[in-house]
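Subject: Model for your review

Hello,

Here is the structure I promised to pass on. My notes follow it.

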Number of protein chains: 2
Amino acid sequence: MEDKTDALPPVSDFSAWYNEILRRAEIMDVRYPVKGLYVWYPFGFSIRKHTYNMLRSLLDADHQETIFPLLIPDHEFMKEAEHIKGFEEEVYWVTHGGLSELDVKLALRPTSETAIYPMYALWVRSHADLPLKLYQIVNTFRYETKHTRPLIRLREITSFKEAHTVHCTWDEAAGQVEEAIRLYSQFYHSLGVPILVSKRPDWDKFPGADYTIAVDTIMPDGKTLQIGTAHHLGTHFSKTFNITYEDLAGEQQLAYQTCYGISERCIASVISVHGDDTGLVLPPSVAPVQVVIIPIIIGKRKDEVLAAAETLCSELKGLGIRVELDLRDMRPGAKYYHWELHGVPLRLELGPRDIDSGTIVAVDRFKQKQQIGSAAEVPALLEEIQKAITERAEASMEGKIAICTTIEEIRTAVESGVAVASWCGERDCADRIEAETDASLLGRELRGKHAEKVNGNSCVICGREGKGALIGRSY
Amino acid sequence: MEDKTDALPPVSDFSAWYNEILRRAEIMDVRYPVKGLYVWYPFGFSIRKHTYNMLRSLLDADHQETIFPLLIPDHEFMKEAEHIKGFEEEVYWVTHGGLSELDVKLALRPTSETAIYPMYALWVRSHADLPLKLYQIVNTFRYETKHTRPLIRLREITSFKEAHTVHCTWDEAAGQVEEAIRLYSQFYHSLGVPILVSKRPDWDKFPGADYTIAVDTIMPDGKTLQIGTAHHLGTHFSKTFNITYEDLAGEQQLAYQTCYGISERCIASVISVHGDDTGLVLPPSVAPVQVVIIPIIIGKRKDEVLAAAETLCSELKGLGIRVELDLRDMRPGAKYYHWELHGVPLRLELGPRDIDSGTIVAVDRFKQKQQIGSAAEVPALLEEIQKAITERAEASMEGKIAICTTIEEIRTAVESGVAVASWCGERDCADRIEAETDASLLGRELRGKHAEKVNGNSCVICGREGKGALIGRSY
């Protein structure tokens, strides 16, 4: 389905590049006849599969996977006041079954607190049942009225990983929020995607949470993309849904809860953070094809070359590598173009001369060429590529972050990235920062090395002592 | 969550047994506050995961996985007349987004033909694009007005595997339907679930199909459960959705299509076909825990026993076996009860005497006990158990199938299983068979060895020459 006649727009024209790469590299088809709903092409789905399998294996260490229903009856959905307020404008409602009207309207889950917690109220009996840590990977729905965009702003989020935990104490729940952020950091590291962690201001937290910690990355156009959140729910929901446990003394106690989620924005970040003017650049960890073999077939030695290429292919499969042998009747150049567009980390070329010299030409996605002796060298090469892709993305993100001491500096910085500036913590000052820079205050940076450069400085608005906050334009 | 005070109802009281086993073995929770929607317990989800991973690996050989949207706009859903007629009474409709009414009503997919085929119309251009074989594993919805039952009759089918293929000719599509049935036979064989294959009568085929082949099994109460279907769609949908391809001569041709599906009824069949009065019996292929190790700790040698049990556990993990070491502070008998209820195929007991004799006590789910020398013998034991479970289920199904030559014999046979009788193929005769036996004519048996025993005999109603049909009471 790719189109070889036109060049891909450059990444510097990010919006055009993003739309084109989704189509040409066969990630998502945007032509589905409902706004905000998109179709996964099989190649895109395969990136999704490898990515979510990695997320699963991280979570499975101490969570259990499950599935709860999509449809939430309105009486449950409407129980928690802040939560309703946060979601009422973006919930889809099922009102009819067959030809008749339903007695009870059913919400399509925008997130599953109100589907899961009535069951938790039944399941949690005693302190011995806690902590309880479940997750599901499901479709969720938001009636988005803003401009929709594949993988980023959707009406059907096809791949929402949401975890929901229950604990005996507030502190344990806070520890779980920390643990969630640690897991997410590990996950994004394995995707080579650098992140910023911040505590969202109180007025920007999840509806029904004590506080929210968010994970963002910076896109090529300098805008931030929120790619994960973890919420301390305190007892907001356990009060509403009556989730209590019997403590060691035999007393009933309200339980403390957390939830944390990642959507297919994780795929959007992999595509956007690594991609270049030639196409996708996929880290080996999630590339559907990690290595492509291109036989260079010239004249009489065709059979010999094909046999050698097939042997190489089996050897790589034997090493657990996802490899493709490209035998299509096309010029090698056209094949290079195809696989570079699809972000394949490593290309191996094999022709008569290579057979004679007992070597293989290895070309990475950045067109660095070298000769290798055998398949056995490939795993180490892929590790190097994974590392190079990660370092390149980290350097690129650091280049988009500016330490600022004045509103003017922030205004300039958010044109092309994220500003770090001292903020006193008050809403009035945050509002003024946002109004004067046309950007959002993401919150105080946590775990990062940027905030410490301005911690203790005067707030850029009021001059009182402040701490480092992240400010940027957000998707 | 298990309840040790009451005995499990016997399988002979199947409906009670089924409800209880779902709860006690932690498969599904039925207490979700909407009729027909159920919650997967993590243990049930784990059976689902292993089962669907097996299905995936069978399909991935020559299909590609993807995801299409859940929501179908009414103008697409309403395009194919027969299809609408078949589904209009059981479709859920989304009519509101947030606080406003939608311009276009959206159906929750009951099945995805009308979501997928508008995209196929864009994707299929030339004969070189064919065959196209995609599948997805998604949630689908039916507004069931009949009695609902977990895993069997649902309002949200959480785990519908549906494949949709496109071909150049009618014959190729027919070959794909054959291939689908071959795949499904292989799948059910790996679950140890015996099946009957039949061609559904014309009046019972999928709405919009040329014909339907179905796969059924027989439940412990003698009723049949349809656990897979494959449909030759001819050009019904390609005409409606304009799916055409350019043939070798440069002419536009209508494409031929098939679709075939399996839902979580496959899990219902595993549970029901194998279970016994003690609980679940899971084939090793899909058991979340294939082997449980129970250390028999007596007096002084506790540390020695625990160390040996841990070594055994690591050895089994090293062999790729899903093993659990049960260190809970409970009597061994209570542990046996727990794991038998959960269908674990093999239990290993290890105490001081076993350590002295250099042996391990191995007890299979049918309480056959033997001594083994080391972990290395376990894979072969699991294979034997898989085979024994399969043979037991096959023998049980054969015992429920009766060759019949009169209506009276059919009437008796369907009380406890499936009747095989000669039928001329006419609807009038089928209607009379159904009316006089209070059962359904599933269709002509294919691939089976039962129909051939009556092929060529006189139709049990009209006396004309007939062929073997399957008749049973269905879920």
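In chain A of this predicted model, five strands make an open sheet of mixed pairing, ordered β16-β15-β17-β18-β19. Helices (H or I, at least four residues) and strands (E, at least two) are DSSP runs numbered from the N terminus, and two strands pair if DSSP finds at least two bridges between them. β16 (323-325) and β19 (369-372) of chain A are at the edges with a single partner strand each, so one side of each has no neighbour in the sheet. On average, neighbouring strands of this sheet are turned by 25° against each other, direction ignored. Axes here are lines fitted to C-alpha atoms, for helices over the stretch in contact, and angles run from 0 to 180 degrees between N-to-C directions.

Within the sheet, strand β15 (residues 291-295) and strand β17 (residues 346-350) of chain A are parallel and share five bridges; I294(A) is opposite E349(A) in β17(A). Two helices pack on the sheet, with contact meaning heavy atoms within 4.5 Å:

- Helix α9 (residues 302-318) of chain A touches β15, β16, β17 and β18 (360-364) of chain A, and its direction makes about 170° with that of β15(A).
- Helix α12 (residues 378-398) of chain A touches β15, β17, β18 and β19 of chain A, at about 140° to the direction of β17(A).

Elsewhere in chain A, strand β22 (residues 440-446) has two antiparallel pairings. Strand β9 (residues 196-199) of chain A is joined to β22(A) by three bridges, with K199(A) partnered by R444(A). Strand β23 (residues 467-472) of chain A pairs with β22(A) over four bridges, and there S440(A) has G472(A) as its bridge partner.

Next, the interface. Chain A contributes 53 residues to the contact and chain B 54 residues. The two chains bury about 4,600 Å² between them, 69% of it on carbon and sulfur atoms; buried area is the accessible area (1.4 Å probe) that two parts lose on being put together, summed over both. Y32(A), I67(A) and W123(A) supply 14% of the area that chain A buries against chain B, more than any other three residues.

Between the chains there are two salt bridges (a side-chain nitrogen of Lys or Arg within 4 Å of a carboxyl oxygen of Asp or Glu). One of them links D60(B) and K49(A), with the closest N and O atoms 4.0 Å apart. Strand β5 (residues 92-97) of chain A gives the most to the side of chain A that touches chain B, with six residues. β5(A) runs antiparallel to strand β5 (residues 92-97) of chain B, and five bridges join them; V94(A) stands opposite V94(B).

Some backbone points to check:

- The peptide bond from L130(A) to P131(A) is cis, with omega near -5°; P131(A) is in the loop between α5 (113-123) and β7 (132-141) of chain A.
- In chain B, the bond joining L130(B) and P131(B) is also cis, omega being about -5°.
- L151(A), in the loop between β7 and β8 (156-167) of chain A, has a positive phi near 70° and is not glycine.

On conventions, residues are numbered from 1 along each chain as its sequence is written, and chains are lettered from A and ligands numbered from 1 in the order in which they are written. Local features need pLDDT of at least 70, side-chain atom pairs count only at pLDDT 80 or more, totals for chains, interfaces and linings use all residues, and side-chain values use heavy atoms, with hydrogens and water left out.

Regards
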